[in-house]
Amino acid sequence: MRLIFSFLFILLVAVFCHSQYAKIPVQLDSLLTTLYNSGRFNGAVLYAEKGEILFQKSLGISDIRTNNPLTTESSFNLASISKQFVAICIMMLEEKDKLRIDDNVKKYIPELPYENVSIRHLLTHTSGIPDYEALFIQNRSPIDTLDNEKMIRLFAKLKPAKDFEPGTKWSYSNTGYVLLAAIIERISNQTLKVFVDQNIIKRLGLQHTYVHNILNSNIPTNHVFGFSERDGRNVMNDLFYIDGVTGDGNFYASIEDLLKWEQSLYTEKLISKSTMVKVLSPVKLNDGTTYPYGFGWFIDKENEQYSHTGSWVGFKNLIIRDTKNKRTLIVLSSGDNELTRNAARSIFNGNSVSIPGTYLISNVRMIDGTNTPARNVSVRIEGDKILAVGDLKPYKGEMIEDGDGKILAPGFIDTHSHIESSLNRVPEAIAALNQGITTIVSGQDGGSYLMDTLKMRFEKMPRAINVATYTGHATLRELAMGNSNLNRMSTPEELEKMKNLLAAELSKGSLGLSSGLEYEEGFYASRHEVIELAKVAATAKSRYISHIRSEDMNMADAIDEIIDIGRIAKIPVQISHLKIALKDDWGTGPSLLAKLQHARMEGIDITADCYPYDFWNSTIRVLFPKKNFTSLSGSNYAIDHLFDPFGSVMVRFAPEPSYIGKTIAEIATMRNENVANTLLYLVAAAESYEKVHPEANGIETIMGKSMTDSDIIPFLTWAHTNICSDGAIGGHPRGFGAFTRVLGHYVREKKIISLENAIQKMTSLAAEHVGLKNRGVIASGYYADMVLIDPETVKDNSSIKNPGALSDGILSVWVNGIKVYKDKTSTKKYPGKLLLKE
Ligand SMILES: [Zn+2]
């Protein structure tokens, strides 16, 4: 693995003294060079003080088909910066008494189906008239191109409802400015292009400024065509069938012309000073409040600074005027990248700028998480996100990591994890990273931490991995009912309290409701209680995930229950760690899946997660599904139907630590009694221990052997199952090896599914099943959580005897663009985030 350390990261801090602006040209120059060299700038920038150009530069090309170079005279599509021109045209007409800005728009456009809209409303984005783009796209003939008059006819014909009453709200509106252009055209009896030529361009002596739309076949020589960079390739992104309209955009100008225009606003060449005051005053809404927008200008600071951006097709522009100090910044660009205008604005305002560095992972077989075949690509990371995927050439000085032909996959998402509580002690999260997991979903089986607690933990102790959480049903019960009184149904008042608590947690970013109905804290809840809570989760567009009420003798009822919850509460439901633990039912996995599929066909979004082991890890109490913990017949039932005492090991046992690591059968021999009595003894001893030590946690844990591959394989391969670990630190080997066991044992050795399909089940499918956005796929715009895998050697090494043994074949792991694990070692970086439901 080859690493070139030249990580691109520049930090510019403006030092403001008496010549506080002196450094701006140098800073802009450095910014443009850096961004141009890293393929993130194509455009022209100008900085002026009192009209004097102190910096101007153009870098890049005007047309991706010819690669002609840009110059400072190149004319860019100004996009929404056009609006300030249209506003001035309107004010020129008012000064000539051709209109009044408080006139009703119907005076000029009588067919417009809206009452009480004035020209002022259009100028200030307060008309409430909806935007035209979607309206046209949905109603156009496939060969139609829009123009200003056609837009008016569309509104007259379809009469779409107003978004709000005129003057009551501010809401950016392109329609308003097309209507203003139409008013200019109707009053002047000229096209907007001709009107602007005669009244602005000639008067100001502009050389490279014009109104242009797609219906106009005459292309000026300095014209810039829009494009976007997508995955290392430039693609055209220029005017299309909407762009027969003018007024909201489609003015073109060079940086020098735009400066001349901006300087003219200090003079009376176009309109009087008193009219200009109106243009730059904040709009007053009907309720007396103001919004910082004038006529075509955002007001950053009244009487001091005004600006506007322009974004259309591949163009990303900015103009700022500091009228107090007579400074001007102009950024015009094609290439669809916003970094320059954002950074240049910061420099203009004397703020520090940091440009996210990039690096390239080259020479990898990418499995992108979508179950499409592996591809040979390079991946470019910018900051915490993936910038591009494809045949990418390194930038000058860019750090390159050679992936040596190995598999690059999205970081794995563990939808059922119990390691969050250990991360305060071990934020490196090696248990997760060694198996390629970059995000864990906590709050499982009905038990959770409150969102505020998790936020505080992240602030105090940053983690190497991302954490998201559900809100636990049992946790809500404890908060509402007290934690010593849960072996009963809730009262209506208690249920109401739980609903409010849940709603509050959901509003703070919890992924939804989790339950553990097999455990006593949740077991005594009625189905009604759970459904009522699930409805709250459904209202918040979140999800329900459940360790169902029985995984053995009452499993059929438990499956019916979760389907019912999905059906009645209208919420996506997920079965946690799907398994068949009743020996009598071994091999019935496929018919269970058929039942789930029937529910899906009914429209219930039911899914599952599953871990790849034939033994579970829980409390010995789950071996008594009737909660008859002192009954010898109950104990015998467990031995006959629920687990194998010869293969089941006590992992924790506080009352008698010498039993730890022994099978139940071995403990019976040590105690000189039969297995059934030993089981009763273990439950009773743990119970007495808890009475004496009420604060003790994890008094007893058993790894119960009770599943078979004849169910595990169909469960793992079901199209709606994602992989989980259900892991904790210590105890069950799944805590360190679940994901790598799937990749090594089930994919490479048993070949039950393809590597691409297995990775989908660990990434995009998992993200979908818990409602996480922008993770689980390698594609531009997604977060850069990734894992580099050797498919020939990947395997789990953790075992009952050595549960913390690290996996092989997980070569590198990145979380949010930062490498956190390499060569079986933490890099001691902690870029993990608390992920909130979006
Ligand atoms: Zn569970």
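**Reading enclosed space, strands and a helix**

Guide: Sorted by class, the residues that line the largest cavity are 8 nonpolar, 1 polar and 2 charged; here Ala, Val, Leu, Ile, Met, Phe, Trp, Tyr, Cys and Pro count as nonpolar, Asp, Glu, Lys and Arg as charged, and the others, Gly among them, as polar. Before going further, note that this is a predicted model, in which local features need pLDDT of at least 70 and side-chain atom pairs count only at pLDDT 80 or more, while totals for chains, interfaces and linings use all residues. Residues are numbered from 1 along each chain as its sequence is written, and side-chain values use heavy atoms, with hydrogens and water left out.

Visitor: How many cavities of 30 Å³ or more does a search of the whole structure find?

Guide: The search finds 2 cavities of 30 Å³ or more. On a 1 Å grid over the protein atoms alone, a cavity is a set of points where a 1.4 Å probe fits but cannot get out, whereas a pocket is an open set with protein on both sides within 12 Å along at least five of seven lines, and lining residues have an atom within 4 Å of a point. Grid points are joined across faces, edges and corners, and a volume is the space filled by probe spheres set on the points. The largest cavity holds about 50 Å³, and its lining includes His577, Cys610, Tyr613, Met707 and Phe715. Helix α22 (residues 709–717) is the greatest contributor to that lining, with 3 residues. The second largest cavity comes to about 30 Å³ and has Asp414, Gln435, Ser725 and Gly735 among its lining residues, which by class are 3 nonpolar, 5 polar and 1 charged.

Visitor: What is the volume of the second largest pocket, and which residues lie nearest its centre?

Guide: Its volume is about 920 Å³. There are 38 lining residues, with Gly39, Arg40, Glu229, Asn337 and Leu387 nearest the centre, and by class they split into 11 nonpolar, 15 polar and 12 charged. At least two lining residues come from each of α1 (24–37), β6 (227–230), α10 (339–348), β17 (375–382) and β18 (385–390), with β18 giving the largest share, 4 residues. Strand β6 also contains Ser228, which counts as buried because its relative accessibility is 1%; buried means under 20% relative accessible area, exposed over 50% and partly exposed in between, with a 1.4 Å probe and protein chains only. The side chain of Ser228 makes a polar contact with the side chain of Asp336 at 2.8 Å, a polar contact being a pair of N or O atoms within 3.5 Å where, within protein, one must be able to donate a hydrogen and the other to accept it, and where residues adjacent in sequence count only if both atoms are side-chain atoms.

Visitor: In which sense do strands β2 and β3 pair, parallel or antiparallel?

Guide: Strands of a sheet pair through backbone hydrogen bonds, either parallel or antiparallel. Strands β2 (residues 43–49) and β3 (residues 52–59) take the antiparallel sense, over 7 bridges, and Leu46 stands opposite Gln56 in β3. The two strands form a hairpin with 2 residues between them, and Lys50 in the turn has a positive phi of about 50°. Two strands are said to pair if DSSP finds at least two bridges between them, while helices (H or I, at least four residues) and strands (E, at least two) are DSSP runs numbered from the N terminus. For a parallel case, turn to the open sheet of 6 strands ordered β24-β25-β26-β27-β28-β32, whose edge strands, β24 (471–472) and β32 (721–723), each pair on one side only. Within it, β27 (residues 573–575) and β28 (residues 606–610) are joined by 3 bridges, and Ile575 has Ala608 in β28 as its bridge partner.

Visitor: How many of the residues of helix α2 are buried?

Guide: In α2, 13 of the 14 residues are buried, so this helix is mostly covered. Helix α2 (residues 82–95) reaches 21 Å from its first C-alpha to its last, close to the 20 Å expected, where the expected span is 1.5 Å times one less than the number of residues. After α2 comes Asp97, with a positive phi near 60°. For the chain as a whole, 59% of the 838 residues count as buried.
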